[in-house]
Amino acid sequence: MKDRMDRMGKFKEDIIQDIENVFANRDEFFEEHTVNGKKMLIMVDGNESLGKTRFQGAFHEGMQAEQIVIYAKASEFGRKPAYGSRITVDGVSFLVGGAANECGMLRIIMESLRGNAK
């Protein structure tokens, strides 16, 4: 049992090193952006874009949301953002539609509200 636990710990360490050294570098997938006033490397996933949705309810009536997904190193971004909190990326404000920490990599679904003429 202890050997299995040691292997799992080593596996998690290897994943974190891969995130730091392979995925989250500007030579591969990530680019520098300004997030909440701080320059950091993130990946904006255009392939995973969730498209546009229409909010329901009085507050959002006539509004359309464009959803995007970003990835950021948890060690650089900080705490996982709460649902409904605001994040600014390169001067554009988004609402957090969901977030998960996947082995040290934050996956953040963000929605940008825009007016929609009827």
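These questions and answers walk through a predicted model.

Reader: How many salt bridges does the structure hold?
Author: Side chains of opposite charge can pair when their charged atoms come close. Here Lys 73 pairs with Glu 76 in a salt bridge. The structure's count of salt bridges is one.

Reader: How far apart are the closest N and O atoms of Lys 73 and Glu 76?
Author: A salt bridge needs the nitrogen within 4 Å of a carboxyl oxygen. Lys 73 and Glu 76 form one, with their closest N and O atoms separated by 3.9 Å.

Reader: Is Lys 73 buried or exposed?
Author: Buried means under 20% relative accessible area. Lys 73 has 13%, so this residue is buried.

Reader: Which residue stands opposite Glu 32 in strand 2?
Author: Strand 1 covers residues 31–35, and strand 2 covers residues 38–45. They pair in the antiparallel sense over five bridges. Opposite Glu 32 stands Leu 41.

Reader: What separates the C-alpha atoms of Glu 31 and Ile 42?
Author: Glu 31 lies in strand 1. Leaving out residues up to four places away in sequence, Glu 31 touches Met 40, Leu 41 and Ile 42. Glu 31 and Ile 42 are eleven residues apart along the chain, yet their C-alpha atoms are separated by 5.7 Å.

Note on methods. Residues numbered from 1 in each chain as written. Predicted model: local features only at pLDDT ≥ 70, side-chain atom pairs only at ≥ 80, totals over all residues. Heavy atoms only, no water. Salt bridge = Lys/Arg side-chain N within 4 Å of Asp/Glu carboxyl O. Buried < 20%, exposed > 50% of the residue type's maximum accessible area, 1.4 Å probe, protein only. Pairing = 2+ DSSP bridges. Helix = DSSP H or I, 4+ residues; strand = E, 2+ residues; numbered from the N terminus. Contact = heavy atoms within 4.5 Å.
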